[in-house]
Amino acid sequence: MKNRYGRKDSLRGGTGVILQLLVALFCVALGVHPLMAQEGPHVQGVVKDATTGSTMPGVNVLIKGTTQGVATDLNGKYTLSISSPTDTLIFSYIGYQTKVVPINGRSTINIKLESEAIKGQEMVVLGYNAEKKENVTAAISQVKTAQIANKPVANETNNLVGRVAGVIAVQNSGEPGYNSSDIHIRGISTIGNSNPLVVVDGVPRSFSEINPENIKFITVLKGAAAVAPYGMAGANGVILVTTKSGLIGKPTLTYDGYFGIQNPTFVPKMVNAYQFALLKNEAQANVGGQPSYSQAELQGFKAAVNGTVDPQYPNSDALHTIIRNNAPMTRNSLILSGGTKYKDSRKVVYYASLGWTYQGGMWTTDNIHRYNASLRIDADVTKTTHASLFFNGWNEQQHYPATSAGTIMYQAYRTPAVSPVYYANGDWGSWDGRSLVGYAYHSGFQTNKNRQVYSSIYIKQDLPFLPGLDVKARISYDPYDSFQKTWNTPVPTYKYDPTTKTYNEGFLLYSKPQLSQYYDRTNNYVFQGYLDYVHSFGKHNVNLTAVYEADKSLDQNFGAFRQNYNLNIPELNDGSSIPADLSNNGLSSQTRRMGVVFQGNYNYANTYLLTVSGRYDGSYYFAPGHRFGFFPAISAGWNVANEKFIVDRFPWLTTFKLRGSWGYSGNLAGSAFQYLSTYGIGQGANFNGAPTQALYEQNPANPFITWEKALMEDVGFDMSLWSDKLTASVDYFYQKRSNMLVNPTVTVPSSYGIGLNQVNAGVMSNHGLELSVGYNKAFENGLVMNLDGNFTWAHNKLINIFEANDTYNNPNRRRTGRQFGTMFGYKAIGLYTKSDFNPDGSLKSGIATPAWGTVRPGDIMYADLSGPNGKPDGKITPDDRTVIGNPRTPGINYGLDTQFQYKQFGLDLLFQGAAQTSFYMGGWIQSPFNANGNVTLLQYNNHWSPSNPNPNALFPRVSPAITANNSQGSSFWVKNADYLRLKSAELSFTMPSSLAHKLTIRSMQIYVAAQNLFTWSPGIPYNLDPEASSSSGQYYFQQRVISVGANIHF
Amino acid sequence: MNTFKRLIEAVVLVVAVSSCSSNFLNVTPQNQISSASVWTSSQNADLFLNGIYNDEPDFRSQGWDLISHYTGYSYVGAEWMPARQVVYPGGISPENTVNGPGNSNYIGGRDHIGGGMWDWSAEYSRIRECNIFIQNVEQSTDIPQSYKEQRIPEARFLRALFYSWLWENYGGVPIIKIPLDNQTQGNKIFRPRATEKATFQFIDDELTAIADSLPTTQGAADVGRPTKGAALTLKAWVELNEASPLFNPSNDKTLWQNAADAYKKVMDMGVYSLDPNFNDLWDPSTQASNPELIFQREYTTAKGGYAEGYRGVTMQGGVETGWGNWTPTQNLVDKFDMSNGKMISDPNSGYDPQNPYKNRSQRFYDSIIYNGSVWQGDTVWTQMGGNNQIDLGSQSDITNTGYYTRKYMDKTVSEAANVRNGKSPENYIYFRYAGVLLGYAEAENEANGPVASVYSAVDQVRARVGLPTIEQAYGGSVTQSKMRDIIHNEWATEFCFEDKSWYNLRRWKDLAWFNSPIYAMQITPQSNGTKKYQQVKIADRSWHAYQFLMPIPHGVLVQNSAMLKQNGGADNWNNGQNPGY
C-alpha cells in the first residue's frame, strides 16, 4: 500500500511541478508574487563532490524502500518530503559511489559523494563491452560533456576540437547545414578516407545532428585494442557517443536554451571604387593595353568614395553588403525524465526530449530549422531480463537560395566596388553577367527536408545456469529520408542608364522557371547478438564478450525535373508537359557488412591487466573469397599504484598505470565493386533529334582488391595524484598503414587512355605524442578551479607510394619519405628588379630564365635549385621545385580549458590552437582582378610598382590577370597558418536557491557564451580565418557566435 | 569445467550463425553492367559507340578555350582566359599548354571525357575508346558481320579524326591501334613517338582504307555519322596540312598535288554543293539535309550548345544578357573584301576609313555585328555613349573591339537563357563543301599555279556570298602569289570562327600575323553628326616560331621514358616538335 501511495505521490508531485510552473508563469505574467510552501515534514541539504568540493546537480536522492525521491538542483540542493523521520536516504549519481544515510530525525543533511573513479569503479564503454576505467589498457579519451552542453554550435562535431587529446578537427564552412567539422583522430594516417567511425549507442551513425543535451558522454577510441573490434572500420579511430537515459526519481522537466548572434570571424577588406579603377589602369598599362577608366570616370569614382551618390559611379562593398550582421541562432530543448524502482529492485527509467534549433545564415534566405526528439525507456522486465527501447530522431528543414553559397561568395569576391550591389533606389545590379543580390535573394530556392530516426531495441537476458553469463541482442532500424526541391527562377537585375536616367530590368540564368525534386531514402538495419561473461575467481577478474554483427543499408533515390514553367507555382504538376521539358532519374544501392567480435579483459587484483580483442570482419566491397579479414589486438597494463609497496610509501599516488597495446585494424578504401569488371552507363551523343544512352569503359577491375591494414602500437601511462587533483596521461603512438589503394596513373603513359586499376600498394606511417593534464583545486574561499590541457603532435610519412621518376629522383621533390600533403613548388627569392634586365628587356646572363613566357621587373624570381642532371641549369623548370610548406592539416593541436566556479558564478574558457600548418594563397587573395573580380586592400597597398619598386613587396606587379610566371606554385604564396583561438567562452550565473524556490523552480542558470571569440594568427597578413577551407578565401566564412541562454530545472 | 564447456558451446553457436550466411555479402551494383555482356550484342556495342561520338570536342559545348581567341580573330574581355593569359604573352610551353575547345564544360549531359580538341590525354582516351570498340566488335562472335562492316569503319574514322588533331598540333605522336593493357603488354605500353611522316601516313592510310566502306549519303537519323565524303574530306585536309610549309619545308610539289587530287575526289563525288544561302548553314532546322555539310555533330534542345549566351552581344535592352566572349578583332574585320570583290588594302577598293562598313561584302554583314547592326531586334551601338560602348580596357564584358560575332550564333535562342538552360540545337560543323573548294584551290595553285580550275573553285565560294569573280574583281588573271593571298583571305573570311584558323595560320607559319598587336575600332560621334573612326591597339602579342607546333606537356614526357629519350630525336625533330623546348 505504501508503495502504491508512494507512486501516486510521485506522480502527483510530477504533475504538481508542472502545474506550479504554469501557475508561476501566470503569476509572473500578471505581476503577482506566487505564494507557495512546502507541505509536511521534509529534509533538505546540499550534495558536493568529495574531491573538488563543488556542488553536484542532478544527484538522485531517494527514500529507501520507496520510489519517492528528487534530484538535486544546479546548486546541488535538494528538498524532499518524507513520511517519517526514521526513513533512510539513498544518494546516487553515475560515476560516484552511492551513499546510504539514515535521516535520524535531522532536517538538514549535507552529503559529500566520492567519485567511483577513486576506487576504479567508473565504467568506460570500450566498443562492445565496458571496463572499469582504472583497468583500461587501450588508448582512449573521454570528452567531458558537461563542458559542451551550453555551447552555441549548431553542429555537435564542432564541439570536440581542443577538448580532447588526439582529436584534430577542421571546420571548413560556417554555412547552416554544412558546418560540420572534418575530424581526424591522431592526425591523418592514410592517403584514402581518413574519417573516423562514429558509433551512437552501439550502432554506426552520425552524431552531427544529435541534440547535444541528449549526449551523456563521448569516448574516443584510439589504440589498437580499442578499435580492433571494429575491424575494417576502426583504423581511423572511433568516436563513441552514448546518449542519456533517465535516472530513478521523480519526473523532472528541464528547459535548456540559448539565443545567439553570428558574424564571420574574418572578412577580407577590399578596395574602394577609386582604388579599383586606379589599379585596373595600372594593370592595363603593364600589358600595353588601354586604360580601363578615363579621367572623368576616375573623378566620378573619387567623388563617390567621398560620399557623392551617383548611380553612374557606385562605390560598393560587395562582401560586407551581402553578409548581414548578427544572423540569429537559437536552440531550445525540453527534457522529461525520471524513473521508478520497484520493491523487488526491478526498475524502469525514462528519458524523453524535444529540441528545436534554428540557424540563420549570412543572407536571410539561408537558414535551417532542426527539430530533435528522443525517447528512451530502460526497464527490468524480469529479474534477469533487461530491455531498452530507444528512439532518437531529427527533422531538418534547410532553406537556401537556388544559387549555392559557393557561387554567391564567388560573386561577392568578383563584384568590384565600381559595380553597384544595390542602387540608392533599392534596385540591385549585376557584374559580368551575374548578380550578387539577384543570386542570393531572387534566384528561387532550394529546400531540403531531411528526416532521420535512430531506433533500437535492446534485450539482455542473464543466463541462470552460469552466474555472470548473459546474452544480449540489439536490433536497430534507422530510416532516413531526404526530400529536396529546387526552384530556379529567372534572376532579375537592374542596370542604370545615365542617358535616360532609368533603371533597366533584365533577367539572368533562366528565361522561365524550372523545378527539380529529389527524394532519397535509406534504411539501415543492424543486428547484434552478444554473449557476455563477467566473473571473478578470487583475485582473477574476467570479462569476456563475443558478438555477431550484421548490417545492411538500402538506398533508393528518385528525381524529377521540369523546365519552362509558365506559372509561378513550384509544383511538378503545374509545369510544362512538353516532353523536352521533362526528365527524371532514379537509382538504388545497397551496402552490407558482417563480423564476429571478441573482447576479453582479464586482470589480477586490478593490478596486472590484459585485454585481447579483435574481429573477423567481412564486407560486400570485395570479391567473393576475399571478403573476410581478421583483426586481432592485445594490450596489457600494470597498475603500479595498486602494488602494496607503492600504496604504503606513496599514498598520494592514486593511480599510476603503465600500459601498451599492439594490434591490427582495417579501413575500407576506394569504392565498392572495384573487383568487378564493368561498364558504366551514361548519356551519349544526339542522334535523330534526341540524346542517346551510352556505355563507357570503367577503369579496369582488380579482383584482389582489399582493405587497408593498420598496424597500431601505443605505449603510455595514466597518472593521478592526490585523489585525482592532478591527472596526466601520456601516449606515444605509432601506426603503419599498408594496403592503401593507390591509383598508379604515373606508371603508365598518358597515351594509355584510361586510368589503371587501383592496387593495394601504398604504405604510410604515422606517429606522434599525446599529452593531457588536468588539475583541479577547491580554495578555502569557495573558488573552484579546473584546468584541463591537451596537446597532440602527429607526424605521418609516406613510405611507399607510386611516384614518377621526375619527383622520386630529385631529392627536393621526392614525395616518398615526406609528410602526406606537403606543399611543393618553386622557392621564391623575391621580385625581379630593373637591374636584373638588359636594356632590350631580356634577363641578364647568370639569371635563371623561367619557362613560362617573358618576365619583367616586379615579377617573382625563383631559385634555380636543380636541372635535369640534378644541378642548376640556368633555367627555372619543374626540376627546381622543392618543399615549400607544411600540409594543410595541422601537425600540432592543443587546447586549454580553464574553468572557474565561484559561488553563483562560473567561467569556462577554452583556448585552442594549431601549429605546423601552411596556407596557400590563391584566387583573390593571390591575384587582383581574379576572374574579372575584385582586389584586396592589402594587394592595393603592398604590390610592386614602378613607383614602389620594393623587391620584398607582399605582391608582385599587377596585371589584368595574374601572369603565368607569378601564378606558379611557389613559396611566395605560402603562409604559416598557426593560430590560437579563444574557441569558446562561457560566463554563467546560477540563481540562488532561495530565489529559485520563490519562483517554484528547482534551479536556474543563465549564461552568456561565445564561439570563436578571438583568433590570433600572426602568419596570415590578410583578413582571413586561418582555418579557411579555400585558398581563394571564397567559401562560407566561419562564424563568431555570441549567445545568452538559460537552463531551468523544474 | 562445466562452466567453460557451456561458454565454448555458446561461442560456437554464435560463430555457426554467422558462417551460415556468407551469401549475405553478395550485392550487385545497379549503375554499371558487367563487361562480359557488353560485346554480346550489336545493340550494346552501339551504346558504346554513342559514347565515343559524345566525346567529340567542339566549341559549341565549351566556354573559353576558343581557337578564334588563340589566333586573334576574336578577342575576349576576360583576362583570365587562356588566350590572354598564355597565348598572347608568348607563354605556350610544356608547363603552360593550351588545348583548344573541348566538352569539359558541357551542361546537360554526362560526358566522361572532357578536355580540349588536342588535349593529349583526353585525345588518347578518345582513341582508346575507338580501339576498344574496334577490337571487341571484331572479335565478338555474337555480333553479326553486317554490323561489323557498318560500324567499324565509323570508329576508324573517329580514330583518324582524333589522330589528325594530335598530328596537326604536335607533329609525330605515338600510334596506338589496340587497347593498351599493362597486364599483358608490360613495358610495351610505353610507346615512343612515331615520326611526323609515319603519323601522317597512318591517318592517310586509314582514311583510304575505310572510305569505300562508308555510305555515300545518310538519312536524317544518322546525322553525325561519317560518310565516304567525310573520310575523303578529312583525308584531303590532312594531305593539305602535310603539303603546307610547316610539314613540307622543302615545298615538295607532289605533296600539294596529292592534296589537290584528294580534294578533287570529293568534288567528283557529285554529292555536295554550296548552299546558295550562306546563313542557312547555321540554321538548325535544315542542317541535317544541307547539301554543303559533310561532317557535323548533332545538337538538340535537350542536349544542346550554349555559345550564344557565353559569347553573344553583352547588352540587350539596356541590361547584360550575353557574356561577350567572342568579339572579332579589327585585324579580322580588315580582311573582309569590299562588295566589289577587292580587298580594302587595294587602292581602288573604294574603302573609306571614316565610313568603314559601307559597301563591304555580304559575308561581312553576315559574320560580324558592328556599330549599328541589329541583333535579335535590338540595335547594337558600340560607339562612345552607345548601349554597348566599346570597353577598350576590359572594364566589363562589353566588347573590347567594337564588334560582336553574328556567324554561328543561333538567332532563335535567347542569349540570357542560353547562358544556362536555353540550349541551342544548332549543329557544330567539322567539314563543309566550301572548305573542299578552297582546299582544292590552295593545293592546286601551289602545285600548278593559278590554273582555270583554281579560279573556278574560288569563284564558286565567292559567288555564293555575292562577290564578283576574281577576274572581275582584279581585272583579269592574277599571279600565283596573288592567288595565294586571295585563297588565304578566303579561308580567313569564309571560315572565320569555324576552328580552321588555328590550323591554317600555323601550317602557313604566319609569324607576322601571330606577332601583330590586336586592334579595336573606337567610334566617336562628332558634334556635326558625323562619326570619327579610330583604330586603337588593345593588346600586344608575342609568338615564337617554335610554337607552330605545340609542346608536348611536361607531365606527358615524365610519364613516358620512351618519349623522354627522344629529346633531340634522331632527326632532331625537324618535322615535329622537339618535346623539350
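Student: Okay, is Cys496(B) buried or exposed?

Tutor: It's a predicted model, and in it Cys496(B) is buried, because its relative accessibility is 0% and the cut-off for buried is under 20%.

Student: And Cys130(B), buried or exposed?

Tutor: Cys130(B) is buried too, with a relative accessible area of 0%.

Student: How many disulfides are there over all chains?

Tutor: The count is zero.

Student: Switching to helix α6 of chain B. What end-to-end distance should I expect, and what does the model give?

Tutor: Residues 120–139 make 20 residues, so at 1.5 Å a residue the span should be 28 Å. The end C-alpha atoms are 28 Å apart, which agrees.

Student: How many residues of α6(B) are buried?

Tutor: 16 of the 20, so mostly covered.

Student: What's going on at the start of α6(B)?

Tutor: Asp119(B) puts a side-chain oxygen within 3.2 Å of the backbone nitrogen of Ser121(B).

Student: Which residue does Glu123(B) pair with in a salt bridge?

Tutor: Arg126(B), at 2.9 Å from N to O. Both sit in helix α6 of chain B, three residues apart, or about one turn. In an α-helix there are 3.6 residues a turn, so residues three or four places apart point the same way.

Student: Now the interface. How many residues of chain B are in contact with chain A?

Tutor: 93 residues of chain B, against 102 of chain A. The two chains bury about 8,400 Å² between them, 58% of it on carbon and sulfur atoms.

Student: How many salt bridges between chain B and chain A?

Tutor: Three. Arg881(A) and Glu95(B) meet in a salt bridge at 3.0 Å, N to O. Helix α1 of chain B, residues 2–19, gives the most to the side of chain B that touches chain A, with eight residues.

Technical notes. Residues numbered from 1 in each chain as written. Chains lettered and ligands numbered in written order. Predicted model: local features only at pLDDT ≥ 70, side-chain atom pairs only at ≥ 80, totals over all residues. Heavy atoms only, no water. Helix = DSSP H or I, 4+ residues; strand = E, 2+ residues; numbered from the N terminus. Expected span 1.5 Å × (residues − 1). Buried < 20%, exposed > 50% of the residue type's maximum accessible area, 1.4 Å probe, protein only. Polar contact = N/O pair within 3.5 Å; in protein donor to acceptor, adjacent residues only side chain to side chain. Disulfide = S-S within 2.5 Å. Contact = heavy atoms within 4.5 Å. Buried area = accessible area lost by both parts, 1.4 Å probe. Salt bridge = Lys/Arg side-chain N within 4 Å of Asp/Glu carboxyl O.
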